[in-house]
Amino acid sequence: MEDITEQRDGDDQADRQFVTSLSRGLSVLGCFTGDDRYLSNLEISNRTGLARPTVSRLTYTLTKTGHLHRDDASGEYRLAAKVLEIGFGALAAVNVIERSSETMDRICGGPNPYITVALAERSGNRAVYLATSRSRQAVSLTMAVGSRLPLFYSGIGRAILVGESEENRQKILREGIAEFPEQKHRMEQSIEEALRDYTTYGYCTSFGAWKAEINSIAAPVRSLDGTSIYGLNIGGPSFLVSPQVLHGSYGVTLLEAAAELGGRS
């Protein structure tokens, strides 16, 4: 596997303002997912591409600063409460979350009882859920705030991509190819599909493109100050929420909600 972190370090060596050690520490924190409880230094090294001695120093430091907790019995690490403080600080700074709650709940009260609505922002090559609202049935998508979806294959990720300028979109694509070179053609094709959908419907689709059991449609939402792009997603289990239902019952609703949250209502 290509050493992505070391490659990025090399790219930034000429930037005198760039703090490599800070970047590496953040990459350690960022490699934890919602499915992880504890990770070893070896697992962190494999995920970040950093050498194990470097990882050992970083996890030791992050434990001292309160960002990681070390289990003395196993020697493994988990994210600590200080990271949660940072996360809540980030959420507090995004006013679209406050404005989205009523809109998302209203969509979930629509004709299909198995719908999940989500709002996400890009983080690297992932779309991270900032807010979610689930329908009134137990059989629905259960991904929560903080869930990370593939930017190029999920509906919400594709919506974020089409909302970006062509220049930014190509930059994001290059970063994606650098991380997953074997997926180059698939990523390029996915962007083409997203742009084609956006031209046709005004929103993007992902009917089994990420996971076969998930269907969704999603539209880009620009922040009121014009500085950020979010994705607004409506989806559900494919055996209960068909493409026809999403297009027919929720397409117009999605476009109206995206316009409302983007201040264009």
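User: What does "buried" mean for a residue here?

Analyst: A residue counts as buried when its relative accessible area is under 20%. The model to which this is applied is a predicted one.

User: Why is Ala219 called buried?

Analyst: Ala219 has a relative accessible area of 1%. The cut-off is under 20%, so Ala219 is buried. This residue is found in strand E7, which spans residues 214–222.

User: Which residues is Ala219 in contact with, leaving aside neighbours within four places in sequence?

Analyst: With those neighbours left aside, the contacts of Ala219 are Ala159, Gly202, Tyr203, Tyr230, Gly231, Leu232, Leu254 and Ala258. One of these, Ala159, is a buried residue of helix H7.

User: What makes helix H7 mostly covered?

Analyst: Helix H7 comprises residues 155–163, and nine of its nine residues are buried. Among them are Gly155, Arg158 and Leu161. For the protein as a whole, buried residues account for 43% of the 265 residues.

User: Why is Tyr201 described as partly exposed?

Analyst: Its relative accessible area is 35%. Buried requires under 20% and exposed requires over 50%, with partly exposed in between; Tyr201 is therefore partly exposed.

User: How many aromatic pairs does the structure hold?

Analyst: The structure holds one aromatic pair. Its rings belong to Tyr201 and Tyr203, with centres 5.4 Å apart. Pairing requires centres within 6.5 Å, so these two rings qualify.

User: Why is the pair of Tyr201 and Tyr203 called stacked?

Analyst: The planes of the two rings lie at 15°. Planes under 30 degrees apart count as stacked, so this pair is stacked.

User: How do you know that Arg186 lies over the face of Tyr153?

Analyst: Arg186 is at 3.6 Å from the ring centre of Tyr153. The distance criterion is within 6 Å, and the direction must also be within 35 degrees of the ring normal. Arg186 is assigned to the face of Tyr153.

User: Why are H3 and H4 called roughly perpendicular?

Analyst: Helix H3 (residues 41–48) and helix H4 (residues 52–64) pack at an angle of about 115°, with their axes 9 Å apart. Angles of 65 to 115 degrees count as roughly perpendicular, and H3 and H4 are therefore placed in that class. Their crossing is right-handed.

User: Which residues of H3 and H4 meet?

Analyst: From H3, Asn41, Leu42, Ile44, Ser45 and Thr48 meet Arg52, Val55, Ser56 and Thr59 of H4.

Conventions:
Residues are numbered from 1 along each chain as its sequence is written. This is a predicted model: local features need pLDDT of at least 70, side-chain atom pairs count only at pLDDT 80 or more; totals for chains, interfaces and linings use all residues. Side-chain values use heavy atoms; hydrogens and water are left out. Rings of Phe, Tyr and Trp (its six-membered ring) pair if their centres lie within 6.5 Å; planes under 30 degrees apart count as stacked, over 60 as edge-to-face and the rest as tilted. Buried means under 20% relative accessible area, exposed over 50%, partly exposed in between (1.4 Å probe, protein chains only). Axes are lines fitted to C-alpha atoms, for helices over the stretch in contact, and angles run from 0 to 180 degrees between N-to-C directions. Helices (H or I, at least four residues) and strands (E, at least two) are DSSP runs, numbered from the N terminus. Angles under 35 degrees count as roughly parallel, over 145 as roughly antiparallel, 65 to 115 as roughly perpendicular and the rest as oblique. A crossing is left-handed if the near helix is turned anticlockwise from the far one by less than a right angle, and right-handed if clockwise. Contact means heavy atoms within 4.5 Å.
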